[in-house]
Amino acid sequence: MTIARCVLPDFIDSLPTKPYCTDELGVTFIRPKITAINKKYIQVNQPSIDYYLVFDLDYVYSALAWSEMNLPAPTWVSKNPVNGHCHIVYALSAGVCTSLIARLAPLKYLAAIQSAYTEKLRADRSYARLLTKNPLHDVWQTTWWTDAKYTLDYLADFVDLTGHPLRGKESNGLGRNCELFENVAHWAYKEVRKYWSPDYNSKWQNAVVSYTEALNAQFRPCPKICVITYP
């Protein structure tokens, strides 16, 4: 049995029930999985759980960059046959929660690995990571390299995590989530005392949202995506 046949059932099962997808970048749809798997680009991670690390390599002869950099074999690589650019994807042995209730330690660990691999692979740090080249679509040249799923510890062994994830204006990907959470939490622990009152909920929520948006505006802007919901 080929690697693809081993991996595909699990890949399809892991997809969101209604993934973001599109055939044309810039306009994104939300569609049932049965429709989305036929689109060129698809959301592979759940809204609140990351099962995959996806890297966008916007340069020619990039499909084997992982081998040249002595990194482990990815689960798959989807290459654009026209320009040689590709997406390199690693499947995780256990999903990492990325929601507001996520434990910060594993999220920071994943963010550090993501950032270090991005540097090693010379991947695009501005990649929004919502969509990836759909490995099931025949417009891409997809190679399935392994049916293994990687632990964070194993992936971390191949890179130096010192200085990762990047902080400040250079922060990106999951690292931005971590920095926002830490900064907002530090601020909130002190500021919440000013809002203690019987009807503090709405005022406090508005204050937290405003502070978070102000902090987020200091980072480099992510690419904007027009989303069309399913009617």
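A: Let's start with who is hidden in helix α4: Leu107, Leu110, Ala111, Ala112, Ile113, Gln114, Ser115, Ala116, Tyr117, Thr118 and Leu121 are buried. Here buried means under 20% relative accessible area, exposed means over 50%, and partly exposed is in between, using a 1.4 Å probe and protein chains only. Keep in mind that this is a predicted model, where local features need a pLDDT of at least 70 and side-chain atom pairs count only at pLDDT 80 or more, while totals for chains, interfaces and linings use all residues. Residues are numbered from 1 along each chain as its sequence is written, and side-chain values use heavy atoms, with hydrogens and water left out.

α4 has 18 residues and spans 25 Å from its first C-alpha to its last, close to the 26 Å expected at 1.5 Å a residue. That expected span is 1.5 Å times one less than the number of residues. An α-helix has 3.6 residues a turn, so residues three or four places apart point the same way.

Arg122 sits in the loop between α4 and β7 (132–133), and it counts as exposed because its relative accessible area is 57%.

Now, what does the helix lie on? α4 (residues 104–121) lies across β4 and β6, running at about 15° to β4. Axes here are lines fitted to C-alpha atoms, for helices over the stretch in contact (heavy atoms within 4.5 Å), and angles run from 0 to 180 degrees between N-to-C directions.

Those two strands belong to an open sheet of four strands, in the order β4-β6-β5-β8, with antiparallel pairing. The edge strands, each pairing on one side only, are β4 (49–57) and β8 (141–144). From one strand to the next, the twist averages 20°. Two strands count as paired if DSSP finds at least two bridges between them.

β4 and β6 are antiparallel and share eight bridges; Ile49, for instance, has Cys97 as its bridge partner in β6. Cys97 is partly exposed, because its relative accessibility is 30%. On to the next pair: β5 (residues 76–79) and β6 (residues 86–97) also run antiparallel, over four bridges, and Trp76 has Val89 as its bridge partner in β6. The hairpin of β5 and β6 has six residues between the strands, and Gly84 there takes a positive phi near 80°.

Thr75 is buried because its relative accessible area is 2%. Beyond its neighbours within four places in sequence, Thr75 has contacts that include Val89, Tyr90 and Ala91, along with Thr143 and Trp144. Thr75 and Leu53 are 22 residues apart in sequence and 9.9 Å apart in space, C-alpha to C-alpha.

How far can you trust the model? pLDDT is the predictor's confidence in each residue, from 0 to 100. The protein averages a pLDDT of 84, and 71% of the residues score at least 70.
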